[in-house]
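Visitor: Could you walk me through a few local details of this one? I'll ask as we go.

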Amino acid sequence: MAAATALALGLSACTSGEPASEPSPTLPEPVEGSPSASATPTPTAEPPADPVDTSNPDIASYFDKRFTGGDLRLGRVRERQPTYTSRNVTFTSEGLTISGVLNVPRGRGPFPAVVLVHGYIPPDSYEQGQGMTRERGYLADKGFIALHVDLRNHAASDDDPRLDRGFRLGYAADAINAVHALRATTDVPVDDDRIALAGRSMGGGVVVQALEMAPGLVGAGVVFSGVSSLEADNWAQYGDGGSGFWSDAERRWGTPDENPEPYLRASTRPHLGRITEPLLMHHGTLDDQTPPRWARATERAAKQAGVDVTLRWYEGEGHAFGPQFPAAMSRTVRFLTRELN
């Protein structure tokens, strides 16, 4: 098992063992924001050829890739709050149409922006904008544009049949292309020089992947309750021999003990030194979905690689964050305000 432990980063997990679905928002979802109110995706051609060899997925295959997300389209208004307006959107990523939800503060701007990456929710039950509603509303209320990305194969986003064969590295491409889409639009008052990435659980792992794939793209990264930076850890936590991504990974490549290379190639741990942006990590001491030891190990490895990383602990908090959510968000806003200015 020593070989297995020294391996692979986390995206999410399987439908049977992975972190529990992200918490319901503290505020009810507006009726107008139901999936039927989605922006209508524009027809797209078949996705281009894979940028990586999916028979042997490797995060390094993305390091020299040219990302060209764009075509941000504003859809139906979901809700209007005193401090911001929320609406459905779509944009393009690797030939796919990706849906999402965009909160824009009231006023002229330009405003700093945060691209939000949701945690694991079974794709067949996921609804547009689900998983980071609290963060999206909080950030917009504080003057940040917040773009929540429905990762490919979720909600109104196009399906990518090659996603699992590529160890789901396409999720990080969607996050990166969301940044490009914000910069390319003239319909939203974005300050192009002040954009950050933030993700929860599986989405935290996606944020780390994106920071490695595209150093210098954004000004900062934030991870809430992140998965492990070694994919072998994630397999050990979430793969149980049943159905879902991790069980499919085991059938495709074997276990990390049997065949460690694919899990290591997909991990971010070996490449943390590529990150050029400051990174803030939040983690609860009672998190039983993404164990605290993972956060410690990632922080330690990142510091050794020269990354400007800060890990904040929340005593007694579990995976989803409850009473200390406002404290975590207050720290996040202070961090982003400092690093994006």
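Visitor: Is alanine 155 buried, exposed or partly exposed?
Guide: Alanine 155 is partly exposed, at a relative accessible area of 34%; buried means under 20%, exposed over 50%, and partly exposed in between, with a 1.4 Å probe and protein chains only. This is a predicted model, where local features need pLDDT of at least 70, side-chain atom pairs count only at pLDDT 80 or more, and totals for chains, interfaces and linings use all residues. Residues are numbered from 1 along each chain as its sequence is written, and side-chain values use heavy atoms, without hydrogens and water.

Visitor: What about its phi?
Guide: Phi of alanine 155 is near 50°, a positive value in a residue other than glycine. Most residues other than glycine have a negative phi.

Visitor: Where does alanine 155 sit?
Guide: Alanine 155 is in the loop between β5 (145-149) and α3 (170-184). Helices (H or I, at least four residues) and strands (E, at least two) are DSSP runs, numbered from the N terminus.

Visitor: And serine 201, buried or exposed?
Guide: Serine 201 is buried, with 0% relative accessibility. Its phi is near 60°, again positive in a residue other than glycine, and serine 201 lies in the loop between β6 (190-200) and α4.

Visitor: Switching topic: which residues does the cis peptide bond join?
Guide: Glycine 109 and proline 110, with omega about 5°. Proline 110 belongs to the loop between β3 (96-105) and β4 (111-117).
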